[in-house]
Amino acid sequence: MTDTPPLAEGYEISTDADRIDAERVHRWLSTDAYWAMGREREKQDRAIEGSLNFGVYETVSGEQVAYARVVTDRATFAWLCDVYVDPSVRGKGIGTALVGAVREQVRSYGVKRMLLATHDAHGVYEKHGFAPLEKPDQWMALYF
């Protein structure tokens, strides 16, 4: 597992929920993220309200360029989800730095494990110590 990588110059990460550009996050996820295609704005807003949110912003303009959220009780459980980097800034290490910042914040709560699901970004998460479940036969899901 690597240390938290530095964020590219000209960008900053914040957990200030008031800085989240909810319209932009909804547009990104509902139109370009395979796991959230068609998600309704009201549902996305509720998800933001009930989560620990991370935004990456251009330091000069304040424009949000990436997002991640964590569903957590800040004690025993965390689920990383809705990680998205705007296509215009991909390839700058922003996603990797964002996941590192999330990892360190959640680690500071003393949470034993953080889960996530990904179809195509295993390499990004492996850099931060994520691995397949050791005993997947012990995990179950309820689908509605």
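Some ground rules. The model is predicted, so I use local features only at pLDDT of at least 70 and side-chain atom pairs only at pLDDT 80 or more, while totals for chains, interfaces and linings use all residues. Residues count from 1 along each chain as its sequence is written, and side-chain values use heavy atoms, without hydrogens or water.

Start with the annotation. An unreviewed UniProt entry marks residues 11–144 as "domain: N-acetyltransferase". Positions follow the numbering used here, feature names are shortened, and such annotations may be inferred rather than shown by experiment. Over residues 11–144 the chain is 29% helix and 22% strand. The end C-alpha atoms of that stretch are 39 Å apart.

Two strands pair if DSSP finds at least two bridges between them.

Look at β3, residues 64–72. Seven of its nine residues are buried, meaning under 20% relative accessible area; over 50% is exposed, and in between is partly exposed (1.4 Å probe, protein chains only). β2, residues 52–58, runs antiparallel to β3, and six bridges join them. Phe-54 stands opposite Ala-68 in β3. β2 and β3 form a hairpin with five residues between them. Gly-62, in that turn, has a positive phi of about 80 degrees.

On to β4, residues 78–85. β4 pairs with β3 in the antiparallel sense, over six bridges. Here Ala-66 has Val-85 of β4 as its bridge partner. This hairpin also has five residues between the strands, and Arg-74 takes a positive phi near 60 degrees.

Next, helix α3, residues 94–107. Its 14 residues reach 20 Å from first C-alpha to last, close to the 20 Å expected. That expected span is 1.5 Å times one less than the number of residues. Ten of the 14 are buried, including Ile-94, Leu-98, Val-102, Arg-103 and Val-106. What do the buried residues of α3 pack against? They pack against β1 (11–14), β2, β3, β4, β5 (114–115) and α4 (122–126). Contact means heavy atoms within 4.5 Å.

Last, the rings. Phe, Tyr and Trp rings (the six-membered ring for Trp) pair if their centres lie within 6.5 Å; planes under 30 degrees apart are stacked, over 60 edge-to-face, and the rest tilted. By this rule there are three aromatic pairs. One of them is Tyr-34 with Trp-35: 5.1 Å centre to centre, 85 degrees between the planes, edge-to-face. Tyr-34 is partly exposed at 43% relative accessible area, and Trp-35 is partly exposed at 37%. Tyr-125 and Phe-130 have ring centres 5.8 Å apart and planes at 80 degrees, so that pair is edge-to-face. Tyr-125 is buried at 9%, and Phe-130 is buried at 16%.

Two arginines also meet rings. Arg-19 has its charged end over the ring of Tyr-57, 4.0 Å from the centre. Arg-90 has its charged end over the ring of Tyr-84, 5.1 Å from the centre. The rule: NZ of Lys or CZ of Arg within 6 Å of the ring centre and within 35 degrees of the ring normal.

Conventions:
Helix = DSSP H or I, 4+ residues; strand = E, 2+ residues; numbered from the N terminus.
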